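Please look at the sequence and the model before reading on.

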Amino acid sequence: MAEAARILEYVYDHESARAGNVYLTQPLADGTVVHFTWGQVVEQARRMAAHLQSRGFERGSRVAILSKNCAHFVIAELAIWMSGFTTVAIFPTETAETVRFVLEHSQASLLFVGKLDIWEQQRPAVPAELPCIAFPLAPPTDLEPWDAIVARTQPLDGRPPRAANELAMLIYTSGSTGQPKGVMVSFGAITRVGEAIAKDLRVRIGASGASRVLSYLPLAHSYERSWVEATSLVDGRTYVFFTESLDTFLKDMQRARPTFFLSVPRLWLKFQQGVFDKMPPGRLDRLLRIPLLGGIVARKVLKGLGLDQVVVAGSGSAPIPAELITWYRRLGLKLFEGYAMSEDNSYSHTSNEQFNVPGYVGVPMPGVQVRLSEEGEILIKSPGQFSGYYRQPELTAESFTDDGFFRTGDLGEQTDDGLLKVTGRIKELFKTAKGKYVAPVPIENALNAHPMVELSIVSGVGQPSPYAIVVLAEQLRPQVGDPAVRGRVQEELELLLQDINSGLAEYLRLRMIVVAREPWSIENGKLTPTMKIRRSRIEASVAAHVEGWYAKQVPVLWA
């Protein structure tokens, strides 16, 4: 018999040992909060698992979840696993086209419809013959409700096991460069990752007592799935809090008072810009320099963000400017950058107390092997390694070296003590008319560090020199209609251009900065669901204007 995976065994142990302990906390639209104990979570999962088994699906069948983060996402996943099936989670912000693709490509047998904002747009993508079940927080629908099924179904008995080599989930990548790929994750891989991260966090946060985490980054992505869900399932002493909406985020943060907090660079930047909106950066800098008072001000800033209880903070999913990490650490927040991807279950590199140089993504996590190819590509072998791309054996074969290292597609550099710096992606390199290759990410990081800039992209394929497009900080955008504000922004961006170019080789220097007409978002297709820029879509949207921009020969342009 194949080796059994431990992740469900941990859940069964928590069911008996921690039955009355709160595990999940779900806020509702009316301001009330529902707490789910370990006993209640597993009880509901057992009842839904029995229902899924009664439908007669073959073992390993794919069951999809389309939902924002909520308690029933976790409960449904446990039910899918207990009943012998494989989870397929779809980003709740995906277009109907992508929803249809994932359901068809994964060959899903059933769909859980959960907490959603755009269900009416997505609904036509769901095949009429596909069975669907609605979570309690789903939009109004005529689908069979979760609560009714749970109420009438007897729970599954015993401790149903899953073999380590069975598929636990398909994680469809967010598709920044094209059609999403189905990353196959085995029970053995997700167990190893959950165990390793739980052990690491216990060392950092403290071996005893409970930890608290706010789950708001998409659970459809491996980052949140590994570092929040899988880790909490293994640990058993983690309280997982969810958010109700973007409008209640700060209130939800204050309720959770997380000890461990994950985010992505764009949100870390927005938090900082929110602080600057209330207190200009120059004034804050002066206050932080004052002995004693500086510490009081720093703690007040962190408390206002809901981060005053955080012991460990992490940033991942995309590069974060080194200056931003330094700013948070100056406030007393231990913000550590990490590096990983869906293909290694988000288990690869992280900074820690010993190795935490801003600009570097840390050192390999326990059990991870890393080397650089002759071309500088980062090659990874991780305990969380995926089993391949679903229904794409040729792509799977191309993605590994002969000795089993995954080809990440990222370029990097390593220090003698193992610190890794990601310098860009191979596919992002572009050549100018001078025949020189440009790596855009380091230049973008420098632009993004400026308080007036929220996001940027550096491009210029076939042009004499590169150029940049920037999205202004959120608080500035409504004000640039005022000529005085616009003039100040223009001057600042011209100075930024000079400053950036002074540190670059001649062939890398930017010809101009173009201010984007509208912000990039998930909704307009310019950002992925994990808030990475969709480079090709942004470039395609401005392609007709680029020649005209160069012809104007000015340092700053307003699109």
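## The β1–β2 hairpin

In this predicted model, β1 and β2 form a hairpin with 5 residues between them. In the turn, G31 has a positive phi of about 95 degrees. Helices (H or I, at least four residues) and strands (E, at least two) are DSSP runs, numbered from the N terminus. β1 covers residues 22–27 and β2 residues 33–37; the two run antiparallel and are joined by 5 bridges. Two strands pair if DSSP finds at least two bridges between them. P27 is placed opposite V33 in β2.

Residues are numbered from 1 along each chain as its sequence is written. Local features need pLDDT of at least 70, side-chain atom pairs count only at pLDDT 80 or more, totals for chains, interfaces and linings use all residues, and side-chain values use heavy atoms, with hydrogens and water left out.

## The sheet around the hairpin

β10 pairs with β11 (residues 238–242) in the parallel sense, over 5 bridges. Within this pair, S215 has F242 in β11 as its bridge partner.

Axes are lines fitted to C-alpha atoms, for helices over the stretch in contact (heavy atoms within 4.5 Å). Angles run from 0 to 180 degrees between N-to-C directions.

## The largest cavity

The structure holds 3 cavities of 30 Å³ or more. A cavity is a set of points, on a 1 Å grid over the protein atoms alone, where a 1.4 Å probe fits but cannot get out. Grid points are joined across faces, edges and corners, and a volume is the space filled by probe spheres set on the points. The largest cavity has a volume of about 110 Å³.

Its lining (residues with an atom within 4 Å of a point) consists of 13 residues, and L201, S211, T231, T238 and F260 lie nearest the centre. At least two lining residues come from each of α7 (187–205), β10 (211–215) and α8 (222–235). Which element gives the most to the lining? That is α8, with 5 residues. By type, the lining divides into 7 nonpolar, 4 polar and 2 charged residues. Here Ala, Val, Leu, Ile, Met, Phe, Trp, Tyr, Cys and Pro count as nonpolar, Asp, Glu, Lys and Arg as charged, and the others, Gly among them, as polar.

## Helices α11 and α12

Helix α11 (residues 281–289) packs with helix α12 (residues 293–305) at an angle of about 130 degrees, and their axes are 6 Å apart. The two helices are therefore oblique to each other; angles under 35 degrees count as roughly parallel, over 145 as roughly antiparallel, 65 to 115 as roughly perpendicular and the rest as oblique. L284, L287 and L288 in α11 meet L293, G294, V297, A298 and V301 in α12. This contact has 7 nonpolar residues, 1 polar and no charged.

## The β17–β20 sheet

Another open sheet has 4 strands in the order β17-β18-β19-β20, with antiparallel pairing. β17 (369–372) and β20 (420–425) are the edge strands, each pairing on one side only. The twist averages 45 degrees from one strand to the next. β17 is joined to β18 (residues 377–381) by 4 bridges, and L372 has I378 in β18 as its bridge partner.

Note on methods. 1 Å grid on protein atoms, 1.4 Å probe; cavity = no way out; pocket = protein on both sides within 12 Å on 5 of 7 lines; lining within 4 Å.
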